[in-house]
Amino acid sequence: MKFSYFPGCTLKTKAKDLDFYARASAEALGFTLEELPEWQCCGAVYPMSHEEIAPKLSSVRALANARDLGQDLVTLCSACHNVIKQTNYEMQTSPMDRDMANRYLKLETPYSGETTVLHYLEVLRDRVGFDKIKEKVVNPLTGRKIAAYYGCLLLRPSSVMKMDDPENPSILEDFIRAIGAEPVIYGMRNECCGGYITLEDKAAAEKRSSIIMKDAESHGAETVVTACPLCMYNLRKNSGSKLPVVYFTELLAEALGVKEAR
Amino acid sequence: MSESNKLLKETVLHTSGVDVLKCMRCGKCTATCPSFDEMEYHPHQFVYMVEKGQIEKLMNSDSIYKCLSCFACLERCPRQVEPAKLIEAVRLAAVRRQGMNHMKADDIPALLDEDLPQQAITSAMRKYSK
């Protein structure tokens, strides 16, 4: 299985672990992530105003390139996933925006949302299968209590993201079970960590992230996992909690016995 | 409603694509907003203040910089009013004015630390300036 892959700006800099362990685990599970040539930053936030077309063009370009390669497009960072998936939805459903984007880009074949966008977790669940992953685990994380932190961007808006139930998700918990650990369910797992407000109002980010970490801790979590570099930053730096926060791909690599390669 | 507010209301409705008349005033958006405490005007107030054309009041409030774009109000609105889109449209009306960027590139170096992900800077610049 081969997929086009959009790593995004942060996975090349501050979140190299998220990327490295994902690629190593993919090979161990029998699929390959082929980085798109000349991808550009997705812009990190999806512009909610439909008249802002320019900030969406880099996503359309990536989507069209994957289409031309005949591959599904895999993302890993929650923000990239949110932006690219929402842009793709707009290309599918809004003739006016589609027309504008295509006029700007002057692609050989106009793009109208043909590419399937998958988050890495969806590849694990829907293409590889959590049962198959379970079989490939050589180092099960038995007895470890792990809290999944979804945040906002993987799940919402659910009518577009279609990854999971936005209020009672299970994909990360099922992943945690597949690698042999015990998921910890807590209320704040799909509430915002504060995101970019850390640059505008640090106290607000501290408040948001500490509420989340206290909730995870009070439910007995020993580790928190995330798919988002900005969530990780807020939960680690702004929450005041000592609870370790790691990328889900790091635990996957550990369970598959490929972590040491780093 | 003043002429300038009339035009601003039209602009905000156009930019957001929101139909404020769908709102049934249940307040679920505000109840679920993680930035509630930081906001002078809350998501449900954005909806009726835009309806009443009180746009300048909203543009001059720090509330427009407190939205986290977490899509909670958008997801949980039972009438698909989606207040986050209105807050974004009012903020755009504010920062699109000449010289009114809320965050400038020169502000960034002082805010950096060794762990801050690039994603945070890109997001903030996208939200707070044009």
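These questions and answers walk through a predicted model with chains A and B.

The model is predicted: local features need pLDDT of at least 70, side-chain atom pairs count only at pLDDT 80 or more, and totals for chains, interfaces and linings use all residues. Residues are numbered from 1 along each chain as its sequence is written, and chains are lettered from A and ligands numbered from 1 in the order in which they are written.

Reader: What is the strand order of the open sheet in chain A?

Author: Strands here are DSSP E runs of at least two residues, helices are H or I runs of at least four, and both are numbered from the N terminus. Two strands pair if DSSP finds at least two bridges between them. The open sheet has 4 strands with parallel pairing, and the order is β2-β1-β3-β4 (chain A).

Reader: Which strands are the edge strands?

Author: An edge strand pairs on one side only. In chain A these are β2 and β4 (117–119).

Reader: How many bridges join β1 to β2 in chain A?

Author: β1(A) covers residues 2–6 and β2(A) covers residues 32–35. The two run parallel. K2(A) stands opposite T32(A), and S4(A) has E34(A) as its bridge partner. The number of bridges is 4.

Reader: Which hand does the β-α-β unit of β1(A), α1 and β2(A) have?

Author: Picture the strands pointing away from you: a crossover is right-handed if the path from the first strand over the helix to the second runs clockwise. The helix in this unit is α1 (residues 16–29) of chain A. The unit is right-handed.

Reader: At what angle does α5 of chain A run to β4(A)?

Author: Axes are lines fitted to C-alpha atoms, for helices over the stretch in contact, and angles run from 0 to 180 degrees between N-to-C directions. Contact means that the C-beta atoms of two residues, placed from the backbone, lie within 7 Å. Helix α5 (residues 120–128) lies across β1, β3 and β4 of chain A. Its angle to β4(A) is about 90°.

Reader: Which helix gives the most to the side of domain 1 of chain A that touches domain 2?

Author: An automatic or database domain assignment sets the bounds: domain 1 is 2–120 and domain 2 is 131–261. Their contact takes 21 residues from domain 1 and 21 residues from domain 2. On the domain 1 side, α1 and α3 of chain A each supply at least two residues. With 8 residues, the helix that gives the most is α1(A).

Reader: Which element of chain B gives the most to the side that touches chain A?

Author: The contact takes 33 residues from chain B and 36 residues from chain A. On the chain B side, α1 (3–16), α5 (72–76), α6 (83–95) and α8 (118–128) give two or more residues. The one that gives the most, with 9 residues, is α8(B).

Reader: Is A44(A) buried or exposed?

Author: A44(A) sits in the loop between β2 and α2 (57–69) of chain A. Its phi is positive, about 70°, although it is not a glycine. A residue is buried if 20 or more other C-beta atoms lie within 10 Å of its own, exposed if 12 or fewer, and partly exposed in between, with C-beta atoms placed from the backbone. A44(A) has 29 C-beta neighbours inside 10 Å, so it counts as buried.

Reader: Is R25(B) buried or exposed?

Author: R25(B) lies in the loop between α1 and α2 (28–32) of chain B. Its phi is positive too, about 60°. Because R25(B) has 9 C-beta neighbours inside 10 Å, it counts as exposed.
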